[in-house]
Amino acid sequence: MSARTVPGGAAAGVPRAELGEEAMTTAILSAEEVALFARMGRLRSIQQGQVLFRRGDRGTSMYVVSRGEVDLDFGDDLRPKRLGPNEFFGELGLLIGDHGRSADAVAVCEGELIELRHEAFERLVEHAPVVVSFFLRRAIMRVVLNEQGLIRRLRRRNQDLQAALDRLHATTHQLNRTEELVRTDELTGLYNRRGLMMHVQECRDIGKADRFGLVLVDCDRFKQVNDDFGHLTGDRVLQSVASILRAVIGPEDLACRLGGDEFCLVIASGSRDEVMRVANYIARTAGELLAMEGNEGAPPVICQLSVGACLVEAGSDWNAWYARADAALYRAKRHGGGRVEWQDPT
Ligand SMILES: Nc1nc2c(ncn2[C@@H]2O[C@H](COP(=O)(O)OP(=O)(O)OP(=O)(O)O)[C@@H](O)[C@H]2O)c(=O)[nH]1
C-alpha cells in the first residue's frame with residue numbers, strides 16, 4: 001500500500017483519514033507505522049511451518065509481518081488469508097485482551113515478526129496517539145467489514161440450506177408418490193396386492209384388532225364382457241366395481257384389486273353383521289345397477305358380482321384368510337353368482 005502521510009510533528013507518518021475504504025480496511029501498515037511499531041515492539045524470528053497460535057488459543061499480543069509470510073486459516077468454509085510484509089494480524093488479542101484467536105496462524109517460510117504486547121501498545125499510545133487512533137479506526141473498520149462479510153456468507157448459506165431443504169421436500173414428496181404408486185392398482189386406483197400385504201402387516205404390527213372381516217369379490221362371467229364388447233368396456237366395468245367398493249368402505253377399511261376381475265376388502269370390524277352388511281351392499285348395488293342398464297346389446301358399465309365373506313384372526317397368515325373367504329366365494333359362484341355367501345371358521 002502506498003499510504004499518503006501527514007507531514008510533521010507527532011503525526012508524522014500518519015495516513016490521511018480521508019483515505020478510501022480499501023486503505024482503511026487493509027491489513028498493510030505504512031512504512032512509517034511499521035517503523036514505529038518496530039521501535040515499541042519486539043522483533044521475533046519465525047521458521048517455516050511454525051505455529052504462532054491456534055484457533056481458540058487465548059492471546060494478548062498482535063503481530064506485524066516484517067519479513068516472510070504467514071497463513072491465517074479460519075477453518076470451516078472461510079477463505080484462508082496469506083499475509084506478507086507490513087501486514088498485521090491478531091490485533092483483537094491486543095485490543096480486547098485475552099481474546100480467543102479466530103484463526104490458526106502458521107509461518108509460510110522463515111521470516112521475522114514484530115510482536116506488540118499490551119505494555120508496548122501503551123507506550124505507543126503515549127508516544128504517537130494520532131498513529132494509534134488511525135490504526136484503531138482501521139482495526140475497527142476491518143472487524144466491522146469482516147462481520148458484514150460473515151453475515152453475507154451466513155445469509156448465502158441460509159439460502160443454500162433453504163434450497164437444499166426445498167429439494168429434500170420435493171424428493172420426499174416424489175418418494176411418497178412413488179411409494180403410493182407401488183401400492184396402487186393403476187386401472188382402478190384401489191390398493192394392489194402389494195399394498196394389501198403391507199396393510200395387513202401394518203395391522204398385525206400395531207396389534208390393531210384380534211379379528212377382521214374379509215370380503216372377496218369376483219366378477220361373474222367377466223370374460224364374456226371382454227369377448228363381447230372388448231377390453232376397454234371390460235376395464236370400465238372393473239372401474240365401476242372399484243367405485244362400489246370405495247363407496248362402502250370406512251376410513252379404517254381397505255379395498256384392493258387382487259388381480260384380473262378379483263377384488264377384496266379388509267374390514268376393520270370383528271362383527272359378522274357389519275361384514276355381511278358390507279358384502280350384501282356390494283352384491284345388491286351391482287345387481288341394481290345391472291337392472292338399470294337400458295339397451296339390450298349396449299356395452300355394460302357393471303356386471304354381476306359374487307361375494308364371499310368371513311371373519312379372520314389377525315394372527316393367522318394371508319393364505320388362511322384367503323382360503324376361508326374363497327370357500328364362501330366358491331359357493332356363491334356355484335349357486336349361480338350374484339349373491340353373498342358366509343364362511344365360518346371350520
Ligand atoms: N378388460 C380387462 N380384462 C382383464 C383384466 N385382467 C384380467 N382380465 C380378464 O378377466 C377375465 C377373467 O376371466 P375368468 O377368470 O375366466 O373369470 P370369469 O369370466 O368372470 O368367470 P367366472 O368368474 O367363473 O364367472 C379374463 O378373460 C382376463 O383376460 C383387465 O385389466 N382388464
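## Ligand shell

The residues of the shell around the ligand fall into seven charged, four polar and four nonpolar. This shell belongs to a predicted model. There are 15 residues around the ligand, and those that come nearest are F222, K223, H231, G234 and G260.

Three elements, β13, α7 (222-229) and α8, each supply at least two residues of the shell. The element that gives the most is α8, with four residues.

R221 is found in the loop between β13 and α7. Its phi is near 50°, a positive value in a residue other than glycine. Most residues other than glycine have a negative phi. R221 has 12 other C-beta atoms within 10 Å and is therefore exposed, since the cut-off for an exposed residue is 12 or fewer.

## Overall make-up

The protein chain has 346 residues, and buried residues make up 30% of them. Its secondary structure comes to 17 strands and 10 helices. Of the contacts in the chain between residues at least 6 apart in sequence, 69% join residues at least 24 apart.

## Nonpolar cores

The largest nonpolar core has 44 residues. Within this core, the residues with the most contacts are L214, V215, V217, I282 and V307. Two or more residues of the core come from each of these helices: α6 (193-205), α8 (231-248), α9 (272-292) and α10 (318-334). The strands that do likewise are β13 (211-219), β14 (254-259), β15 (262-267) and β16 (305-313). In soluble globular proteins, nonpolar side chains tend to be buried together.

Which residues are in contact with I282, leaving aside its neighbours within four places in sequence? They are V217, I244, L245, V248, L305 and V307.

## Packing of α8 and α9

The axes of helices α8 and α9 come within 10 Å and cross at roughly 145°. The crossing in which α8 passes α9 is right-handed. On the α8 side, the contact is made by I244, L245 and V248. On the α9 side, V278, Y281, I282, T285 and A286 take part. By class, seven residues of this contact are nonpolar and one is polar, with no charged residues.

I282 thus links two parts of this account, because it belongs to the contact between the helices and also to the largest nonpolar core, where a core is a set of buried nonpolar residues joined through C-beta atoms within 7 Å.

## F212 in strand β13

F212 lies in strand β13. Is F212 buried or exposed? F212 has 24 other C-beta atoms within 10 Å, so it is buried; the cut-off for a buried residue is 20 or more.

Not counting residues up to four places away in sequence, F212 touches V266, I267, A268, V312 and A314. F212 and L311 are 99 residues apart in sequence, yet their C-alpha atoms are 5.6 Å apart in space.

Q304 has its place in the loop between α9 and β16. With 18 other C-beta atoms within 10 Å, Q304 is partly exposed. Leaving aside neighbours within four places in sequence, Q304 is in contact with D220, A286, G287, L290, G337 and G338. The C-alpha atoms of Q304 and E288 are 9.4 Å apart, and the two residues are 16 apart in sequence.

A128 is found in the loop between α4 (118-127) and α5 (129-183). A128 counts as buried because it has 23 C-beta neighbours inside 10 Å. In sequence A128 and E33 are 95 residues apart, while in space they are 9.9 Å apart, C-alpha to C-alpha. N86, in the loop between β8 (81-83) and β9 (88-89), is not a glycine but has a positive phi of about 75°. N86 is buried, with 21 other C-beta atoms within 10 Å.

Notes
Residues numbered from 1 in each chain as written. Predicted model: local features only at pLDDT ≥ 70, side-chain atom pairs only at ≥ 80, totals over all residues. Contact = placed C-beta atoms within 7 Å. Near = placed C-beta within 6 Å. Nonpolar A, V, L, I, M, F, W, Y, C, P; charged D, E, K, R; others polar. Axes fitted to C-alpha atoms, helices over the stretch in contact; angles between N-to-C directions. Left-handed = near helix turned anticlockwise from the far one by under 90°.
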